[in-house]
Each structure stands twice: as structure tokens, then as C-alpha cells.
Amino acid sequence: MSWAEYTLASYDESKDDNPVVVLGHGFGCDSTCWHNLKPLLLRRGYGVLTYDLPYARTSQSGAFTESPNRRKTFRTIFEKFLSALTASPRVRTPLGAKSFDFQRYSTLGAYSDDLICLLDELRVSECIFVGHSVSGMIGLSASIKRSDLFRRVIMLASSPRYIDDPSTDYVGGFQEEQVRELLNNVEHHYEDWVAGFASLAVEEPNDAAVKQFTSSLLEVRPDVALATCKTIFLMDLREMLPEVTRAQRVLGTTSTTLQMLARLRWDRNRRGLGRWMRETSERMGPLFVKVMQFVSVRGEGLDPEILEELVKLQDSVTPFDCSVYEDLLSSYGVPGGAAPIACGSVAAVYRGSMRDGREVAIKVVRPD
């Protein structure tokens, strides 16, 4: 079985030399969670690769439907698979369908190895990797091992460690007691835990999204879910981060990730880190500038030096080429090559004047 078959990969090649975007899902999801984003990327000419992590869709029963017998059915299957919780020998070749190697996937290193094997098999020479939650760390790990395969790694709500570490003032979001309770609920009350976790994970009120996430969680075998939760919630990958920083291959898109970037001891000062984050956002395009604008407004957990740099994205984005608007701007008295008085994620503003002398502001949108 090939890696593409094992991971249920779906690959659409790019058009006109556009980059390939690899989409990695988080825990409890599968590759179908990108159903809204993938068509948008394809319409813009990007190549798109989606794939399942090994734990996804491991339940032979598939998703559970809402029915009076749902709880009884689930508990029967839960007990059946829990009794089969055994470790398999470590292997380096794709496994059979619906199987899960507990020993191999006890660390995130195996997941990043799988990703590299998949990219090599599909002959993807370079990609932009978008990783949600644990996939963000998988992408980072893979980019350290094979930097030639990754143009950049975009992390969505990722974290190198989920347990607080008071000795270094690190805030992961969970205390050790909370993680122990979480693992106990996954092991002994999985269905009830799924119902509560799905509602909490989907922050915005969205019944359809909660139901979809619940269904996806229930497609994960209970014993596999327990093993995967242990791998994710007990990991500590902070020592890996400075290597990624030097390679400049990470962009955090949530306050959690930004805290991760800001609090660790990197080989650059905090103001320099803030400048790097701002400049990287500008290179990534308007969408990422918008994200950083939102983060700069919230400002939660960020050092003042970093926040000072990100605030510049509100109205002082590096000006874009407005030569296509030269005739329009000159008609309002704006000299050629003039700098805008303000520039944001999607537009720039110039100072001009009407024929009767009244001053006006001319707003032009990015041509791309």
C-alpha cells in the first residue's frame, strides 16, 4: 500500500507554477475538514494536498448517527477495541487499512516522517504547509528534517506543550491535574467526553460544525484516541523551536502560537522577533496581515516590544506598487512616486485635491 493510499491523500497539482499548499488537520478531524478552504485555493491556481493522520477514521463502524441506541452501540464498540489495546512492532512501511501502530505513533516524530514520505512519493518538491493544532507541530518537525520541502509552515492554534511549566513561566493552557482528568475521561467516558469537547472546541455558536466535529471524533477508535491524546497532551517540543526560527519557516496565527514565539529564548531579541513577524505577515499577503491586525488589537500575552511592531500593520503596511493607478492618482494631483499617507492589508490612501482646491483622500485597492 502506498503512502497516498494509507493516508487517503487527495492531490490536485498547481497551475502556472503556483506553490502546492499541504493542509494538515488537527486531532479529532480528518482531511474533509478543509472542504471550504480547498476549493478557494484551487480556484486561485494553487496545488492542494490533503491527507489523513494515522488515527483518523480508524473506527470500523464509521461515524455514529443520532439515535436512541447510539450510546449503547458506542459503549459496546468501545469495550471491544479497548480490550485490544496492544503495541505493534515499529515499521517503516505503510500499514494496513484501519490499523494503528501504537508504539510508532507514541511520538510526533513518526508523524513528521510520514509527511516527508508522502511528499516524496507524490514528488512535491516544495510546499506551503498549513497545520491545524497538532499538525502545526508535525509540519515544524518535518521542516527541520527536510527544509528543502517547505517554503513556509503556517500554524493554526498550535502549541509545543499544553501543560503549564511554572519553572519557566510558560503557559500551555492546562495544569497537570487537568490533563490527567482529560485522559481519564477519554479512557473511561469517551462518548461523554466527545460531546463536551466538541462543544468547547468550536468556539463560535455553530450547531452544524459541532455535529460535524462530533461525528469526526467518533470515527476515531477509542483506544486510538486515548493513545493519541497522550502523545499530544504530554509532549514538550519547545527545544525544537529555535531551529525553526533561524530557518524563518513559521507564522503563528493565534495568540497561543504568538505567546509560544514570544516567551521562549530565541537567538534574536524581542523587538527583532516582532519585526520578523510583521515582515513575514506582509510577505504572506493580505489575509495574514488581517490576522496579525486582529492579534495586535487583542494584544493578549504579547510583550510590548512585539506588540509595538504588530500595531504598525494597522495603517503602516509596506506600500505596494500602485503604478496601475498612476493616471487616476495624477488626476487628483498626486505626483508620481508619492508615498501613501496610510497603507493597510488591502488598500492604500493618498492625499489629493479636487480642481476647486478641496483636499480629498483617494483609497486604492491592491491590484492583486
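Tutor: Helices here are DSSP runs of type H or I with at least four residues, numbered from the N terminus. The model under discussion is predicted.

Student: In which helix is Gln293 found, and is Gln293 buried or exposed?

Tutor: Residues 286-298 make up helix H13, and Gln293 is found there. Buried means under 20% relative accessible area. Gln293 has 9% relative accessibility, so this residue counts as buried.

Student: Which residues is Gln293 in contact with, leaving aside its neighbours within four places in sequence?

Tutor: Contact means heavy atoms within 4.5 Å. With its neighbours within four places set aside, Gln293 is in contact with Leu313, Gln314, Gly344 and Ser345.

Student: How many residues of helix H5 are buried, and which are they?

Tutor: Helix H5 covers residues 134-145, and its end C-alpha atoms are 17 Å apart, which agrees with the 16 Å that twelve residues should span. Ten of the twelve residues are buried, so H5 is largely enclosed by the rest of the structure. The buried residues are Val134, Ser135, Gly136, Met137, Ile138, Gly139, Leu140, Ser141, Ala142 and Ser143.

Student: Which kind of aromatic pair do Phe129 and Phe150 form?

Tutor: The structure holds 13 aromatic pairs. For Phe129 and Phe150, the distance is 6.2 Å centre to centre, with 75° between the planes. Planes over 60 degrees apart count as edge-to-face, so the pair formed by Phe129 and Phe150 is edge-to-face.

Student: How many residues apart in sequence are the parts that Phe129 and Phe150 tie together?

Tutor: Both phenylalanines are buried. Phe129 lies in strand E4 (residues 127-132) and Phe150 in strand E5 (residues 150-156), so the parts tied together by the pair are separated in sequence by 21 residues.

Student: Which kind of aromatic pair do Tyr162 and Phe233 form, and how many residues apart in sequence are the parts they tie together?

Tutor: The pair of Tyr162 and Phe233 is tilted, at 5.3 Å centre to centre and 50° between the planes. Tyr162 counts as buried at 10% relative accessibility, and Phe233 counts as buried at 8%. Tyr162 lies in the loop between E5 and helix H6, and Phe233 in helix H9 (residues 222-233), so the parts that the pair ties together are separated in sequence by 71 residues.

Student: Which residues touch the most other members of the largest nonpolar core?

Tutor: The largest nonpolar core has 61 residues. Helix H4 gives the most to this core, with eight residues. Apart from it lies another core of 19 residues, which includes Val295, Leu310, Val317 and Phe320. In the largest core, the members that touch the most others are Val22, Tyr55, Leu115, Leu119, Phe150 and Tyr190.

Student: Is Asp52, in its salt bridge with Arg57, buried or exposed?

Tutor: Side chains of opposite charge can pair when their charged atoms come close. In the salt bridge of Arg57 with Asp52, the closest N and O atoms are 2.7 Å apart. Arg57 is partly exposed, with a relative accessible area of 23%. The relative accessible area of Asp52 is 3%, so Asp52 is buried.

Student: How many residues apart are Arg146 and Asp120, which link distant parts of the chain?

Tutor: Arg146 forms a salt bridge with Asp120, whose closest N and O atoms are 3.0 Å apart. Arg146 counts as partly exposed at 26% relative accessibility, and Asp120 is partly exposed with a relative accessible area of 37%. Arg146 is in the loop between H5 and E5 and Asp120 in helix H4 (residues 108-121), a separation of 26 residues.

Student: Which helix holds both Arg180 and Glu176?

Tutor: The side chains of Arg180 and Glu176 meet in a salt bridge, at 3.9 Å from N to O. These two residues are four apart, about one turn of the helix, and both lie in H6.

Student: Which residues does Val334 touch, not counting those up to four places away in sequence?

Tutor: Val334 is found in the loop between helix H15 and strand E7, and counts as buried at 6% relative accessibility. The C-alpha atoms of Val334 and Tyr350 are separated by 7.5 Å, although these residues are 16 apart along the chain. Beyond its sequence neighbours up to four places away, Val334 touches Leu329, Tyr350, Arg351, Gly352 and Ile362.

Definitions and conventions: Residues numbered from 1 in each chain as written. Predicted model: local features only at pLDDT ≥ 70, side-chain atom pairs only at ≥ 80, totals over all residues. Heavy atoms only, no water. Phe/Tyr/Trp six-rings, centres within 6.5 Å; stacked < 30°, edge-to-face > 60°. Buried < 20%, exposed > 50% of the residue type's maximum accessible area, 1.4 Å probe, protein only. Expected span 1.5 Å × (residues − 1). Salt bridge = Lys/Arg side-chain N within 4 Å of Asp/Glu carboxyl O. Core = buried A, V, L, I, M, F, W, Y, C linked by side-chain atoms within 4.5 Å.
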